[in-house]
Amino acid sequence: MNDVLLDIQDLEVTYEVNNEVIRAVNRINIQLHKKETLGIVGEAGAGKTTTALSILGLLPKKIGFVKNGKILFKGQNLLDLEHELIRQIRGEVISMIFQDPMTSLNPVIPIGKQIAEVLEFHNSVYQNSLMSEKNKQKKTKAEIERLVEDILQMVGISPSRKHDYPHQLSGGMKQRVVIAIALICNPELLIADEPTSALDVTIQAQILSIMEDLKDKLDTSMIMITHDLGIVAETCDTVGIMYAGQIVEFGTIKDIFTGDRHHPYTVGLINSLPDIDSNQDRLKAIPGLMLSPTQITEGCKFHNRCPKCFDKCSTIEPNEYVKGSHRIKCHLFSCTD
Amino acid sequence: MSIPLIETHNLKKYFKTKAGYLHAVDDINIQINKGETLGIVGESGCGKSTLGRTVLRLSAPTSGQILFDGKDITKYNHKQMKIAKSDMQIIFQDPFSSLDPRMIVFDLIAEPIKEILGIKNKKELETKVFKLMETVGLSDKLVNVYPHELDGGRRQRIGIARTLSIDPQFIVCDEPVSALDVSIQAQILNLLMDLQQERNLTYMFITHDLSVVKHISNKISVMYLGQIVETAMSEELFSNPLHPYTQALLAAIPRAKYYEKKKVREIIRGEVTSPIEPKPGCRFAPRCKYVKAECTLADIDYIEISKDHYVACVLHK
């Protein structure tokens, strides 16, 4: 297919602290098509956020390193771009919503101004080949003001509140402001890192709907990072299940939630969710803990917790089993076809 | 008939603020039978944690009664309360901030045994601590490590061991798994259920997550702005939710399933209103899609609709 927007190839990221090497992301491959939503699911420490940060070039300096791989955005490798150019892309072409709305806003600047700031920054500079046509014109002060009011309206905040400070807003409202900031430049790719984990369920439902509506209206593609398989099932088109820095299973929603060929970790993750529509008594927990990313392990990273582990799992790293859009990194399947 | 171990009658906890009284817990009546679990569900700010703390008298109630084993503990003085507290304990939400970072695992678990049970004998302490670590599934190799060296699941196990160390009958679990990953969350929930069976413990399980509470609770109460709007047996609440707020909460949970067509999300409007000096009538009315004039006229009675199913809503009389 030709409409691939983002293509991550063999990405490998490490953090190096105190002579210790932490392998956060280990050779992952992800493709995102235009207008689609890709879910990245995994537990704390699986490397989800690190993947997102490397797309935006936001890995902590002198600690985080991309060791290998390419991040192709519309065919151009983002890792080759100069620092200045990446800064222009950030917020304008690719933008990000961070997990915690309480800490991602500046407490001493009114929200309207924080939204306008993005436009002003991207107004003051340059043009580049990755930018869309409509963003290339300079905007006047009045235009910026109007755009800010429009976007507030779109995320469901009355424009009259643009002079409010973040502390005057509830958690759900703050997250709406963060979404407004992320979408004000009409980005082509939106990365949402656990956008609703800090919110209550009824507010979560509101925020997810706003994000879906705006995504459709603005033709944005999205990467949704979450630990909640329910959110993935309801919002995403494709999913990557991450474990210990690897994508252990990748496919469409249908591939992941139906059929009987799955990575044992995916099965464990789904089974350990309390299902409110069934009446089971005990939860099927996955025993044990994720291996520390500082350990060098041979074989499959999940083998120490896997109920189906057999001899070669602990010694040989599994290849990917591929069937159509569905990929599984597990020895159970890699021997077949 | 099973006997309630803990009961509250018209329990209220108000906080004084500049704008007036904040009704955190407003006229709550609950009963938990021995060996059973009552789930308390609600969104942030609904007063569920305050209720848990007030029931244990960690914060003093404004009015109302708390009966523990038939005795009103609101009248207890400090000394009597200290004795009563050895039967009533709490597991806190955040295993990262509820453990002293400068104490090793052994001292953390031994602390309540020394302080409350008064056991100082080293040998006896050691046997008790190792026994507890085994009970909660902590390897005895971890006895000399500090909390920061452990992951969230293990830290929460320490929290549980501390709670169990003085052998309480009643435990308030205040969001004990919400800071944990799903696979670890299931381990801790299973542990809590096993312990309940072994020791005939009584739980009040506070959470914002309906799917978690279903597994562990016999009965569930749904709270909204300081009041209980619906109580029913766990099965009944999920199969036949009556209050519009309960229905909305259930509908808002994303289900991990494949849908042929994208599900239309049902959304309740607005946000929780202020709990400071609330107006009479149903507190959910401003967000309710069935709202009628009578909803805001006077407070709605909390009545038994069918056996063990209570609801406060004008739609159900």
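This is a predicted model: local features need pLDDT of at least 70, side-chain atom pairs count only at pLDDT 80 or more; totals for chains, interfaces and linings use all residues.
## Extent of the interface

Chain A contributes 47 residues to the contact and chain B contributes 42. Together the two chains bury about 3900 Å², with 54% of that area on carbon and sulfur atoms. On the chain B side, the most area is lost to chain A by His215(B), Tyr258(B) and Arg265(B), which together account for 18% of what that side buries.

## Polar and charged pairs

Ten residue pairs, both members at pLDDT 80 or more, are in polar contact between chain B and chain A.

## The chain B side

Four helices of chain B each supply at least two residues to the side that touches chain A: H6 (182–199), H7 (210–216), H8 (234–239) and H9 (244–252). The largest share comes from H6(B), with ten residues. Sorted by class, the side of chain B that touches chain A holds 18 nonpolar, 16 charged and eight polar residues.

## Ile270(A)

Ile270(A) sits in helix H9 of chain A, which spans residues 264–272. Is this residue buried, partly exposed or exposed? Ile270(A) counts as partly exposed because its relative accessibility is 28%, and that class lies between the cut-offs of under 20% for buried and over 50% for exposed.

Leaving out residues up to four places away in sequence, Ile270(A) touches Leu229(A), Ile256(A) and Phe257(A). The C-alpha atoms of Ile270(A) and Lys284(A) are 9.3 Å apart, and the two residues are separated by 14 residues in sequence.

Note on methods. Residues are numbered from 1 along each chain as its sequence is written. Chains are lettered from A and ligands numbered from 1 in the order in which they are written. Side-chain values use heavy atoms; hydrogens and water are left out. Contact means heavy atoms within 4.5 Å. Buried area is the accessible area (1.4 Å probe) that two parts lose on being put together, summed over both. A polar contact is a pair of N or O atoms within 3.5 Å; within protein, one must be able to donate a hydrogen and the other to accept it, and residues adjacent in sequence count only if both atoms are side-chain atoms. Ala, Val, Leu, Ile, Met, Phe, Trp, Tyr, Cys and Pro count as nonpolar, Asp, Glu, Lys and Arg as charged, and the others, Gly among them, as polar. Buried means under 20% relative accessible area, exposed over 50%, partly exposed in between (1.4 Å probe, protein chains only).
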